[in-house]
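How do two copies of a chain meet, and how is one chain divided? This short report takes those topics in turn.

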Number of protein chains: 2
Amino acid sequence: MFHSTNPNPSKLALVPFVSVDNMMKIVNTIGASKVIAEIAEYIEADFLRWDMFDKTPRVAAHSKEGVIELMPTSDGETYGFKYVNGHPANMARGFQTVNAFGVLARVDNGYPVLVSEMTILTALRTAATSAVAAKHLAPKNARIMGMIGNGAQCEFQALAFQQIVGIDTVKLFDIDSKATQKAARNLSDSGLTVISCKTAEEAVAGTQIITTCTADKQNATVLTDNMIGSGIHINAIGGDCPGKTELHRDILLRSDIFVEYPPQTRVEGEIQQLDDDHPVTELWQVMTGQTQGRTSDNQITLFDSVGFATEDFSALRYIHDQLQPTGHFVELDLLADPDDPRDLFGMVQRAKTNSSSN
Amino acid sequence: MFHSTNPNPSKLALVPFVSVDNMMKIVNTIGASKVIAEIAEYIEADFLRWDMFDKTPRVAAHSKEGVIELMPTSDGETYGFKYVNGHPANMARGFQTVNAFGVLARVDNGYPVLVSEMTILTALRTAATSAVAAKHLAPKNARIMGMIGNGAQCEFQALAFQQIVGIDTVKLFDIDSKATQKAARNLSDSGLTVISCKTAEEAVAGTQIITTCTADKQNATVLTDNMIGSGIHINAIGGDCPGKTELHRDILLRSDIFVEYPPQTRVEGEIQQLDDDHPVTELWQVMTGQTQGRTSDNQITLFDSVGFATEDFSALRYIHDQLQPTGHFVELDLLADPDDPRDLFGMVQRAKTNSSSN
């Protein structure tokens with residue numbers, strides 16, 4: 001099924017493409033922890049210029065099986081969007097629940113400059129965002145993180161918090177012990193102390209940070225109120241679409257809540273359980289110093305993460321900057337570039353002549 | 001800059017990709033006229049099941065230099081979107097004014113099944129849509145078409161009207177005579193009688209159909225009222241974004257106006273010159289027989305074409321159906337497909353081991 005592509009398309013016709021294989025090569029060349037830390041820097045830099053972004057809630061096509069979303073944004077110079085699906089029943093049928101790819105383009109001429117897989121990249125940017133938020137919100141000197149849900153996102157979160165927040169121990173729990181075994185195995189060379197737990201209560205005991213990243217696509221109660229002591233930072237990843245939450249409502253009422261983009265989080269996040277006017281703080285305001293993050297040792301802070309388009313934009317910017325240093329990409333003949341822009345038809349005609357004479 | 005992609009990704013990880021080169025090969029293998037006629041059948045079939053589509057105006061990111069748009073739609077089984085830019089100043093800087101690419105995906109699992117260039121494909125589908133509309137709206141036995149604007153879209157329109165409507169003569173005019181020479185040259189083997197004209201008046205004289213496809217990105221008057229006799233069908237392609245029109249308002253007031261999707265055409269089409277409640281007929285209603293198209297020999301019919309997402313969807317469906325018969329595609333390693341869906345991190349880790357041991 002492989003056919004040669006045009007041997008001599010014009011340079012303007014070509015768009016760099018990062019496949020899944022090349023994304024893995026980029027991550028393994030640089031190192032996963034370092035990639036996450038560097039993406040975190042791009043994410044924080046973009047949160048610091050929040051006002052420059054053209055922000056819009058995702059454009060979603062819902063069906064009974066799931067959702068397909070387009071997440072566009074622009075900083076005025078560069079435009080980006082992510083295609084991402086979410087299909088809860090996929091895993092049972094042998095498909096990935098979530099797949100994603102993304103594009104960056106120049107605003108001044110509309111030319112795409114990058115097409116990239118984003119299934120792996122989304123995992124990296126989600127972990128980076130969580131850790132950036134925790135850097136501002138978690139108790140100082142946090143060393144131990146409890147992790148409820150040990151699926152696809154788990155190890156990325158663990159590395160991000162090790163690298164950016166300074167944790168040295170993770171306590172793992174999943175209702176499926178095989179998931180915990182998988183995560184513990186994958187983290188065995190990470191330098192983290194990994195403690196596999198038999199209950200959620202055990203996993204959160206003695207921690208300063210709790211990360212919930214379960215995949216249950218309904219309102220679930222992964223954490224109950226009595227499990228949450230004062231001073232904890234909660235990093236809630238799994239509540240990320242309408243009808244899907246992880247935390248008991250009482251926890252939310254005791255917490256100071258931080259979000260990425262309120263119009264999206266009110267619909268998709270943990271706070272869909274609360275009134276529409278329940279006070280929340282936007283993360284960018286904490287990062288820029290306009291408002292404070294954690295203000296006391298007893299405060300419960302909650303990052304109600306749903307994932308926002310600017311984070312994908314930051315991650316794509318980072319990958320775009322790694323193309324030349326790593327060389328891990330191919331070029332796609334994606335754009336038509338006739339010698340005379342008005343002669344699109346002639347370009348097609350001449351391709352016929354060229355291929356029959358060669 | 002070319003690196004080998006993963007030699008053995010799972011079948012589920014691969015998405016067929018049609019490059020510009022392969023799109024030209026598909027067109028030249030099947031023949032441009034036949035491709036346009038076949039796309040027209042797909043477009044008409046989809047207009048006939050209009051109610052099944054999830055319709056939404058484009059999602060546009062405007063800048064001072066131009067616009068980048070995402071055009072999604074779905075028929076409940078298949079989802080599609082097109083990325084397309086429009087940058088009027090591009091040509092003067094050596095870039096294409098418009099570039100496009102598109103994606104089809106399965107609604108039931110969210111997996112993309114096609115990534116394709118759409119710069120050429122958009123030209124093909126625009127011509128096919130125009131001809132399908134004219135089949136229902138143009139005077140019977142129309143043989144001569146006047147074409148004002150001989151740019152990138154011109155030859156595709158000429159072939160579409162020859163193939164689908166039965167015209168045998170085109171009269172060409174462009175304010176730049178080089179564009180007319182280019183189009184006349186490209187159409188010399190088409191079987192059409194091609195008449196190059198020195199004025200717009202000359203080009204429309206004696207015609208039954210007038211196609212306007214000029215690129216001027218402002219309100220222009222390509223056709224004035226006195227140029228339009230009774231019984232004419234006008235195929236207005238170039239008025240396709242806010243502030244860009246081609247026809248004098250008085251022509252609109254004398255015409256019965258047919259449009260693709262009123263919420264979009266009111267903003268982008270010729271009818272942006274008219275009141276918001278000016279009566280228009282939707283093309284799908286004509287095709288399904290719910291309302292009549294042309295009802296008299298003296299009537300002036302106007303297809304106010306702006307291009308709608310379902311047409312791109314139809315064109316992508318057609319190309320998807322040509323993949324196996326023509327073989328003109330490559331497969332992109334776009335989707336992550338770990339053996340265990342929860343073990344995304346392990347997949348990345350193992351890629352490192354595999355590449356260092358090979």
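The copies meet through the same surface, because 100% of the interface residues of chain B are also interface residues in chain A. This is a predicted model: local features need pLDDT of at least 70, side-chain atom pairs count only at pLDDT 80 or more, and totals for chains, interfaces and linings use all residues. Residues are numbered from 1 along each chain as its sequence is written, while chains are lettered from A and ligands numbered from 1 in the order in which they are written.

In the contact, 81 residues of chain B face 81 residues of chain A (two residues are in contact if their C-beta atoms, placed from the backbone, lie within 7 Å). On the chain B side, helix α11 (residues 344-357) gives the most, with eight residues. Helices are DSSP runs of H or I, at least four residues, numbered from the N terminus.

Now look inside chain A. Its domain bounds come from an automatic or database domain assignment.

| Domain of chain A | Residue range |
|---|---|
| Domain 1 | residues 11-120 + 311-353 |
| Domain 2 | residues 129-308 |

The centres of domain 1 and domain 2 of chain A, taken over C-alpha atoms, are 27 Å apart. Their contact takes 16 residues from domain 1 and 21 residues from domain 2. Helix α2 (residues 32-47) of chain A supplies the largest share of the domain 1 side, eight residues.

Note on methods
Helices (H or I, at least four residues) and strands (E, at least two) are DSSP runs, numbered from the N terminus.
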